[in-house]
Amino acid sequence: MKIGSIDLGERPVFLAPMEDVTDIAFRLMCKQFGADMVYTEFVSSDALIRNVSKTHQKLTVSDEERPVAIQIYGREVEPMVEAAKICETAGPNIIDINFGCPVKKVAGKGAGSGMLRNIPMMLEITREVVKAVNLPVTVKTRLGWDHDSKVIVELAEQLQDCGIAALTIHGRTRSQMYTGEADWELIGQVKNNPRMQIPIIGNGDVTSPEICKERFDTYGVDAVMIGRGSIGRPWIFREVKHFMETGSKLPAESFEWYLDVLKRQVMQSIERLDERRGILHIRRHLAATPLFKGIADFKSTRIAMLRAETIDELFGILNNIPEQFDIGAEKIDLHQI
């Protein structure tokens, strides 16, 4: 599969762009575990052209994470064009346009998936961004605004006609947010549309190697994107790649192995930010990880872990878990939890 001239191999697996999740440290970790391409957190076009420092920091990419895409969002043509040009100077491999974010503060203002209620503006923005930069431009969007307006099959053709190099589809409408099940049938319809010539990337509810392979086999997508399934579990890419290549599950690791990965995430977060903000940032990974699920009477420890404010306090709790809950050195299969 290729996006522009970027060769991503057969059946590549991507890390989805997620706000407050896919910072450079997490992207690098997912890359090391086998992600074929990674995406930045989404970047506000308005904030970028206003030179907001926190937004500009999101543009930092490294050679170790390539290929990497910077994702931008906005609701007006000129700011989006200007933002795309600024992003291009940061040196990513791809510019991705976010027409899929469902959160109220984005979609409610007409950006992200809010653009699904203004298709002409969506298409104009896409056309102008494609013309403005020399990098491949891709789009990520949803099936439609709500159940009664699932426009993705026709919309995909229109976006392709704007010159995009690939299209990612999250298999939900905006009104669904992240509830219910992702509808991959419509993603498959887009992929099997003979008019579509660009790669189609499927996204939604991919939480295991088996599901990832089934999505490729059943719907014929060119790539699969993993989002929430990677939070607190960057090793999922290692598991997926092994299963895709061999047809068998990767042998389980010890509890300490997985715990060391999470501790590494904590340290990287602190190094990137500072102790207080780094710990706050990493809490969603600690809350989401499957590592602690199934441990009996873990609730009070979980609460203490998520309230810890210093590295000494947090690591004291984490390091004590194996002994406190009598977890030995045997391998553990997180898929069975």
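In this predicted model, strand β4 contributes 4 residues to the lining of the largest pocket, which is the largest share from any element. The volume of the largest pocket is about 920 Å³, and among the 30 residues that line the pocket, those closest to its centre are E19, E41, K54, T55 and K58. Two or more lining residues come from each of α1, β4 (37-44), α2 (45-49), α3 (53-57), α5 (104-107) and α12. Sorted by class, the lining of the largest pocket comprises 15 charged, 9 nonpolar and 6 polar residues.

The second largest pocket has a volume of about 630 Å³, and of its 31 lining residues P17, M18, E19, Y178 and R228 are the closest to the centre. Strands β7 (137-142) and β10 (223-226) each supply at least two residues of this lining, which divides into 13 nonpolar, 9 polar and 9 charged residues.

The lining of the second largest cavity consists of 5 polar, 3 nonpolar and 1 charged residues.

Residue P79 belongs to helix α4 (residues 77-89) and is classed as buried because its relative accessible area is 11%, under the limit of 20%. When neighbours within four places in sequence are left aside, P79 is in contact with S45, D46 and I49, whereas the C-alpha atoms of P79 and G144 are separated by 24 Å.

Conventions: Residues numbered from 1 in each chain as written. Predicted model: local features only at pLDDT ≥ 70, side-chain atom pairs only at ≥ 80, totals over all residues. Heavy atoms only, no water. Buried < 20%, exposed > 50% of the residue type's maximum accessible area, 1.4 Å probe, protein only. Contact = heavy atoms within 4.5 Å. Nonpolar A, V, L, I, M, F, W, Y, C, P; charged D, E, K, R; others polar. 1 Å grid on protein atoms, 1.4 Å probe; cavity = no way out; pocket = protein on both sides within 12 Å on 5 of 7 lines; lining within 4 Å. Points joined across faces, edges and corners; volume = space filled by probe spheres on them.
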